[in-house]
Amino acid sequence: DDEWGQRQGCAVSVGETMSTKLNWLYAELAALREQNLYNTIRTIDSPQGAWIVVDGKRVLNFCSNNYLGLANDARLKQAAHDAVEKFGVGPAAVRSIAGTLSLHNELEKRLADFKGVEATISFQSGFNSNGAVIPALVGKEDVIFSDELNHASIIDGARLSGANIARYTHNDAEALEDAITQSAGTYRRALIVTDGVFSMDGDIAPLPQIVEVAERHDILLMVDDAHGEGVLGRGGRGIVDHFGMHGRVDVEVGTMSKAFGVVGGYVAGKKEIVEWLRQRGRPFLFSSAVTAADAAACLRAVDILEESTELVEKLWDNARYFKTEMQRLGFDTGASETPITPVMLGDAQLAQNFSRALFDNDVFAMAIKYPTVPQGKARIRVMISAAHSREDLDKGLEVFGKVGRELGVIKEKI
Ligand SMILES: *Cc1c(COP(=O)(O)O)cnc(C)c1O
């Protein structure tokens, strides 16, 4: 756009003087646009569900992490309403001063029961949970063994801790063991960290093998189960339950913003680890907690998951159906083992064009490009939900087929 062109790389007049101090930034932003890596953020004007209103247009929603459809569930909304009536809208202080509500404590207790751990502590988000727990467990004299595809919040938490970071090959327990052997004797304490489900590929960490390595070397093991909760395991109890590894993973990080449909995060594990985070978890000590409405809605989500496995089963039925049909159409759905369905395209521009054409046909699915995924691994990521009906999925398949043929990604039907 015009204003952009004028400002890019030029001195900007500020009062009487010419300022050049932000020229680097104008150039960076222009470069992102040129390389098709500029993030255009769409605005939603409806509740989250199978269909949403995006930039004024009603579209089939293949973007959200609302795995179970709880983000607009009437029961959660009622719980939030009731909590607002009883507690008001704001927590008014950080939890360690005057901001811990009975609802926060109740939620922590219920999450501990749900996950089958001794205790949990809740935070404002999954992102903050990683920023809290990693620096509380390791520091400058220590080492973190981290899967190379771990989530950004794990990477940031690890950096914040000041520990040495040893990245190992994605989902490779042998590479992990090699890294541990190589750094033997060079550190005080160690922590192994992995995502449970990897959000861009939908593959699952080989937890039993990683647990074995961790136990053999007596190293703390932490799993971020953000995309596993409400999805994997009995009734959505997560990756530890999925593999039957209860009691063998020291720390689990979770989020309430995905399958649970609300917002917030938590750390689960031994009661002493949780106790330590109440003393040393900086986001707990220095930032206010989620509101009463959030906590109450989360509690209701836990009730629903404990009452019935229906939503989790619907999610998996939908995911299996969609993935099988996409493969039948000729699409490459990568290494996914979960409802996260990447549609591998390679080129960033192709992914961008594909996403735009889908949108023109009333289907909302994001193009995922570098730096979120490696260069040359651009894709459309489809997020399947229990909120989708079979009709919705068929509509999505029809549009993917049409756009895929138009853009030469799949062949014409013979
Ligand atoms: C989404 C995600 C988070 C962040 O969760 P929020 O609650 O949205 O902050 C953390 N870790 C992983 C692995 C995630 O996928």
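Predicted model: local features only at pLDDT ≥ 70, side-chain atom pairs only at ≥ 80, totals over all residues.
A polar atom in the side chain of Asp-392 sits 2.9 Å from the backbone nitrogen of Ser-389. Asp-392 belongs to helix H16, which covers residues 390–406. The residue is buried but takes part in no salt bridge. Arg-58 has the nearest side chain of opposite charge, and it is 6.8 Å away. Apart from neighbours within four places in sequence, Asp-392 is in contact with Ala-50, Trp-51, Leu-60 and Ala-387.

Next comes strand S8, residues 190–195, where six of six residues are buried. Ala-190, Ile-192 and Thr-194 point one way from the strand, while Leu-191, Val-193 and Asp-195 point the other way. S8 has a parallel pairing with strand S6 (residues 143–147) over four bridges, and in that pairing Ser-146 stands opposite Val-193. S8 also pairs in the parallel sense with strand S9 (residues 220–224), here over five bridges. Val-223 of S9 is the bridge partner of Thr-194.

Helix H8 (residues 173–182) has as its buried residues Ala-173, Ala-175, Leu-176, Glu-177, Ala-179 and Ile-180. These residues pack against S6, strand S7 (164–168), S8 and H9. At the start of H8, the backbone nitrogen of Glu-174 has a side-chain oxygen of Asp-172 within 3.1 Å.

Strand S11 (residues 265–269) has antiparallel partners. Five bridges join S11 to strand S5 (residues 119–123) in the antiparallel sense, with Thr-120 and Ala-268 as bridge partners. Another antiparallel pairing, with strand S10 (residues 251–255), also has five bridges; there, Val-253 is the partner of Val-267. Five of the five residues of S11 are buried. Gly-265, Val-267 and Gly-269 point one way from S11, and Tyr-266 and Ala-268 the other.

What remains is the pairing of charges. Side chains of opposite charge can pair when their charged atoms come close. The structure holds 26 salt bridges. One of them joins Asp-142 and Arg-189, with an N to O distance of 3.9 Å. The pair links distant parts of the chain, 47 residues apart: Asp-142 lies in the loop between helix H6 (126–137) and S6, and Arg-189 in the loop between H8 and S8. Asp-142 is buried, with a relative accessible area of 1%, whereas Arg-189 is partly exposed at 38%.

In a further salt bridge, between Arg-234 and Asp-241, the closest N and O atoms are 2.5 Å apart. Arg-234 counts as exposed because its relative accessible area is 57%, and Asp-241 counts as buried because its value is 8%.

Arg-328 and Glu-325 also form a salt bridge, their closest N and O atoms being 3.0 Å apart. Both lie in helix H14 (residues 310–329), three residues apart, so about one helical turn separates them. An α-helix has 3.6 residues a turn, so residues three or four places apart point the same way. Arg-328 is exposed, with a relative accessible area of 61%. Elsewhere, salt bridges link Arg-110, Arg-300, Asp-303, Glu-306 and Glu-307 in a network.

Key. Residues numbered from 1 in each chain as written. Heavy atoms only, no water. Buried < 20%, exposed > 50% of the residue type's maximum accessible area, 1.4 Å probe, protein only. Helix = DSSP H or I, 4+ residues; strand = E, 2+ residues; numbered from the N terminus. Pairing = 2+ DSSP bridges. Lys, Arg positive; Asp, Glu negative; His and termini not counted. Salt bridge = Lys/Arg side-chain N within 4 Å of Asp/Glu carboxyl O. Polar contact = N/O pair within 3.5 Å; in protein donor to acceptor, adjacent residues only side chain to side chain. Contact = heavy atoms within 4.5 Å.
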